[in-house]
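Colleague: I have a new model open on my screen. Could you show me how to read it?

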Amino acid sequence: MNNILILAICILILIILFIIIILIISKKKIQEVITPLDISKEEINDYLKQKYKLYKEITKFIKDNLSIKEEAFQEFLAFNQKECTQSNLITILDKTTYEINEYVDKYDELLKNKDFLKLKKDLYYVQVNLEACIDYYNNKIIFYNNLKNTGPTSFATKFFEFEEFASITNEKKEISRLINLN
């Protein structure tokens with residue numbers, strides 16, 4: 001009877017150790033995915049700031065060189081980029097893209113102006129990098145959520161709190177229209 005009790009206690013200890021090892025490995029595996037998510041989120045913020053800065057230059061250029069409506073770009077110019085969330089910044093940039101496209105469609109001379117074309121070229125490079133970062137980030141989120149919700153790693157999510165990440169969207173069609181016009 002004593003041997004069976006000792007064997008049962010040893011098996012129970014082994015099971016507990018096995019569970020603890022699985023939890024530690026699972027937690028570490030999930031945390032390894034969080035680091036690239038945080039890094040890419042910061043890169044996205046940097047590219048959004050660059051895009052915002054370029055839009056400031058583009059809207060100033062349009063206002064200085066074209067006769068446009070007084071209220072043009074009002075929302076964008078009143079927007080405070082320093083006190084906003086990432087999604088708010090994306091939303092205002094997407095709205096401004098529509099506005100800029102309206103003027104590009106109306107004024108052919110914009111597409112002949114070297115200064116405007118340089119701004120557009122700079123915007124193209126920022127946008128390509130931004131979209132690549134967003135795609136990478138969104139793919140990592142899918143992987144992260146799958147890791148959290150399936151297999152042995154899902155067991156760790158019951159014991160540890162992990163950050164929630166939301167995917168990022170941006171209006172590719174309108175920006176593509178703006179940066180591809182020649």
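**Reading the helices and rings**

Modeller: Gladly! T97, Y98, I100, N101, V104 and D105 in α3 meet E174, I175, R177 and L178 in α6, where contact means heavy atoms within 4.5 Å. Helices here are DSSP runs (H or I, at least four residues), numbered from the N terminus. This is a predicted model, in which local features need pLDDT of at least 70, side-chain atom pairs count only at pLDDT 80 or more, and totals for chains, interfaces and linings use all residues. Residues are numbered from 1 along each chain, and side-chain values use heavy atoms, leaving out hydrogens and water.

Colleague: At what angle do α3 and α6 pack?

Modeller: Axes are lines fitted to C-alpha atoms over the stretch in contact, and angles run from 0 to 180 degrees between N-to-C directions. Helix α3 (residues 86-106) and helix α6 (residues 172-180) pack at about 35°, with axes 10 Å apart.

Colleague: How far does α4 reach from its first C-alpha to its last?

Modeller: The expected span is 1.5 Å times one less than the number of residues. Helix α4 (residues 114-149) has 36 residues and reaches 52 Å, close to the 52 Å expected. After α4 comes G151, with a positive phi near 65°.

Colleague: And how many aromatic pairs are there in the whole structure?

Modeller: Rings of Phe, Tyr and Trp (its six-membered ring) pair if their centres lie within 6.5 Å; planes under 30 degrees apart are stacked, over 60 edge-to-face, and the rest tilted. The search finds ten pairs. One of them, Y52 with F76, is tilted, at 5.2 Å centre to centre and 55° between planes. This pair links distant parts of the chain, with Y52 in helix α1 and F76 in helix α2, 24 residues apart.

Key. Helices (H or I, at least four residues) and strands (E, at least two) are DSSP runs, numbered from the N terminus.
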